[in-house]
Every structure is written in C-alpha cells, then in structure tokens.
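Please walk through the following protein model strand by strand. The text below goes from pairings to the core and then to single residues.

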Amino acid sequence: MSRSARLFRRFAAVTLIALSAMAAPVECMSAGRGPVWEAVGYFPPSPTSVPRSDVGQTTLEVKVIDGWVYITTETAVKVEVFTILGQLVTSRDLEPGTVRLQLGNRGIYIFKAAGVTRRVNL
C-alpha cells in the first residue's frame, strides 16, 4: 500500500471518530453523569430578575450557587440548556417554583426559556 493511501485511511479514520463524537449527546459524554434536575420549592425571584416581555409581570431567574444552577419561575415554562457550541444538553418543562440543575461538566452554557436567553458560567 502506498504512503498516500495509508495517510488517506488514517485521515478517514480520525475524521470518522471525530464526527461520531460530535454526534453523541452531551449527556453521554459527561463520564456517565447526565444532568440532574431537582425541585427545591419556591423562592420568590429577586428584584434583578429578567421580566418576560410577552407576559406582563412574569419573571425568570437563573443563578449559580455551589455548582448548581437554580431556575426560579412564576409560570410553567420549557427550559432548554445548550453548550456554547449550540448542542442541546437537556430540556425540561418546569412548573412554577424553583428547580436546581447540576450539569455533568464545567463550562459555559446557554439557557433558553420563556423568551429569555441567559449565559451561565460553571
């Protein structure tokens, strides 16, 4: 087999491995630990909460405490969590109240919910 054929086969194998890793869900890549959602009750949003523009006084608050992401909402919303590269990590329909989320890896995540987009650093 010629040198160029061996290089091409090696390049094809590396490309295939890289593409399959990119296609795998993020939850599977976090060393067996996927996102953990826990309801923790209800804590009123702080005055610095982001108001939803499409529904009067409804607020959504996202904050990080000790590696957990706390999401407080006054209405039912769907929350989607993405990596900084746009890959969906997890999503959940939340009821009014406070929920905490632990993600498997540290990094920068994008939270989308109720017409609000927030960047969170873990």
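Strands β4 and β7 run antiparallel and are joined by 5 bridges; strands here are DSSP runs of E with at least two residues, helices are runs of H or I with at least four, and both are numbered from the N terminus. Two strands are taken to pair if DSSP finds at least two bridges between them. Within this pairing, T72 has T98 in β7 as its bridge partner. Strand β7 also has β1 (residues 36–41) joined to it, again antiparallel and over 5 bridges.

The model is a predicted one, in which local features need pLDDT of at least 70 and side-chain atom pairs count only at pLDDT 80 or more, while totals for chains, interfaces and linings use all residues. Residues are numbered from 1 along each chain as its sequence is written, and side-chain values use heavy atoms, with hydrogens and water left out.

Taken as a whole, the protein has 1 helix and 9 strands. Read from the N terminus, the order of elements is α-β-β-β-β-β-β-β-β-β. Of the contacts with a separation of 6 or more, 55% are between residues 24 or more positions apart, a contact being heavy atoms within 4.5 Å. The accessible surface is about 7900 Å², and 58% of it belongs to carbon and sulfur atoms; such areas come from the Shrake-Rupley method with a 1.4 Å probe, and for residues only the protein chains shown count as cover.

Four strands form an open sheet in the order β6-β5-β8-β9, with antiparallel pairing. The edges are β6 (88–94) and β9 (116–121), each of which has a single partner strand, so one side of each is left without a neighbour in the sheet. On average, neighbouring strands of this sheet are turned by 20° against each other, direction ignored; the axes are lines fitted to C-alpha atoms (for helices over the stretch in contact), and angles between N-to-C directions run from 0 to 180 degrees.

Inside this sheet, β5 (residues 77–83) pairs with β8 (residues 108–113) in the antiparallel sense over 5 bridges, and T83 stands opposite Y109 in β8. Strand β8 pairs with β9 as well, antiparallel and over 6 bridges, with R119 in β9 as the bridge partner of I110. The hairpin of β8 and β9 has 2 residues between the strands, and A114 takes a positive phi near 50° there.

What share of the 122 residues counts as buried? The figure is 32%, where buried means under 20% relative accessible area, exposed over 50% and partly exposed in between (1.4 Å probe, protein chains only). The largest nonpolar core has 20 residues, of which V69, I71, V79, V81 and F111 touch the most other members. A nonpolar core is a set of buried Ala, Val, Leu, Ile, Met, Phe, Trp, Tyr and Cys residues joined through side-chain atoms within 4.5 Å. At least two residues of this core come from each of β3 (59–65), β4 (68–73), β5, β6, β7 (97–102), β8 and β9.

Leaving aside neighbours within four places in sequence, V79 is in contact with residues including W37, I71, T90 and F111. T90 lies in strand β6 and is buried, with a relative accessible area of 9%. T90 and E80 are 10 residues apart in sequence and 6.0 Å apart in space, C-alpha to C-alpha.
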